[in-house]
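My entries follow the structure below.

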Amino acid sequence: MGKMLAGIKIALLGGDAREIILMQELVRLGAEVRVAGYPPLPELKDCLLFKEASNAVRQVDVLILPVPGADERGVIKGTLTGHTFRLNESWVDEVPPGTLVLVGVARPVLKKVAREKGWKLEETADRDEMAILNSVPTAEGAIMMALQEMPVTLHGSEAFVLGLGRTGLTLAHMLAGIGARVTVVDRGAADRARALALGWRAISFEELPTAIGWAQVVFNTVPAPVLTEEVLAAASPQCLIIDLASAPGGTDFAAAQKLGKRAVMAPGLPGKVAPQTAGEILARLYPRFILEGLERL
Ligand code: NAP
């Protein structure tokens, strides 16, 4: 690949161990990497480290924000130093209009600032290649949570997977590999047919209230209200629900609490359970996203 990023100035603000792996790859590919919100680690010896965000972002071609972006108050976190960068601070004015800004997920507050400042904002987490690669640490993390919470093995358990998308498909394969009895719940007839062809049970959401009673664990990947009060009421008292879908998830958590059902949200699993793998995924994909975003491919 050579020095495919030579001559490109890239700033990174905040983040965690994942971004360190990414930064090393960006440097290897010839980029000038300017960083704020990181301690002076030996791994970052070839990056330019700044205390102030405004010095890091000045005159850059690309700004990379942490995968979760800014929170609902517009705060970007540097978890390794405890630094925070706010979207209402003056550094924002130093990011030139037209700058390519890469972030995993952008909440409305970041989208608004990007619009006002004329940044070229690209959300990466929902791109197929990123979502499919991240589905592996996500599924492993979900299985880990289930194993920690359940009094029985997943082998031989009745496991429901809601949504046969990128995460659901990987998770269903892993559960089947462990020996769980997998039921896929999906709104698409073709996806249900695929599940049947793979040897799993497959039902529609209309059938869920009558079927959920036999589930010992339910993994939701659908970012829409599918585990409603009616569905939850039909689940067994021992059933564990792990909601993987992005906030607010697909579970009526208030109803689950009222009904005494065990339901947990499980956000951000790749970065939590496999930061190195999650970093390697960023390192594999971001160089191409950068060249595409700068229209150099
Ligand atoms: P995806 O490929 O788009 O899959 C989503 C699934 O939900 C598809 O089967 C889709 O069905 C179904 N769906 C969407 N809206 C629906 C509705 N109203 N009713 C019924 N089914 C519906 O997404 P993904 O990449 O698998 O990600 C799934 C969710 O997990 C997202 O919210 C994502 O942000 C989140 N996520 C979480 C983690 C974590 O660590 N917890 C990690 C990665 C992703 P169709 O195909 O018919 O549209």
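I started with the largest nonpolar core of this predicted model. It has 29 residues, and the members touching the most others are Leu5, Ile10, Leu26, Val33, Ile64 and Ile290. I then looked up where its residues come from: strands 1 (9–13), 2 (32–36), 4 (62–64) and 7 (100–103) give two or more each, as do helix 1 (17–28) and helix 11 (275–293). Helix 11 supplies the largest share, seven residues.

Next I picked out Ile64 and set aside its neighbours within four places in sequence. I found it in contact with Ile10, Ala11, Leu12 and Leu13, with Leu22 and Leu26, with Leu102, and with Tyr286 and Ile290.

I also noted another core, lying apart from this one, with 26 residues, including Ala159, Ala180, Leu240 and Leu244. A reminder to myself: nonpolar side chains tend to be buried together in soluble globular proteins.

Then I turned to the ligand. Which of the 22 residues around it come nearest? They are Thr167, Arg187, Ser246, Ala266 and Leu269. I sorted the shell by type and got 12 nonpolar, seven polar and three charged residues. Helix 4 (128–149), helix 5 (166–178) and helix 10 (269–273) each provide at least two of the shell residues.

Last, I checked polar backbone atoms. One of Ala266, an N or O, is 2.6 Å from a ligand nitrogen. For Arg166, a polar backbone atom sits 2.9 Å from a ligand oxygen, and for Ser246 I also read 2.9 Å to an oxygen of the ligand. Of the 920 Å² of accessible area the ligand has on its own, the protein covers 71%.

Terms used
Residues numbered from 1 in each chain as written. Predicted model: local features only at pLDDT ≥ 70, side-chain atom pairs only at ≥ 80, totals over all residues. Heavy atoms only, no water. Near = heavy atom within 4 Å. Polar contact = N/O pair within 3.5 Å; in protein donor to acceptor, adjacent residues only side chain to side chain. Areas by Shrake-Rupley, 256 points an atom, 1.4 Å probe, with all protein chains shown as cover. Helix = DSSP H or I, 4+ residues; strand = E, 2+ residues; numbered from the N terminus. Nonpolar A, V, L, I, M, F, W, Y, C, P; charged D, E, K, R; others polar. Core = buried A, V, L, I, M, F, W, Y, C linked by side-chain atoms within 4.5 Å. Buried < 20%, exposed > 50% of the residue type's maximum accessible area, 1.4 Å probe, protein only. Contact = heavy atoms within 4.5 Å.
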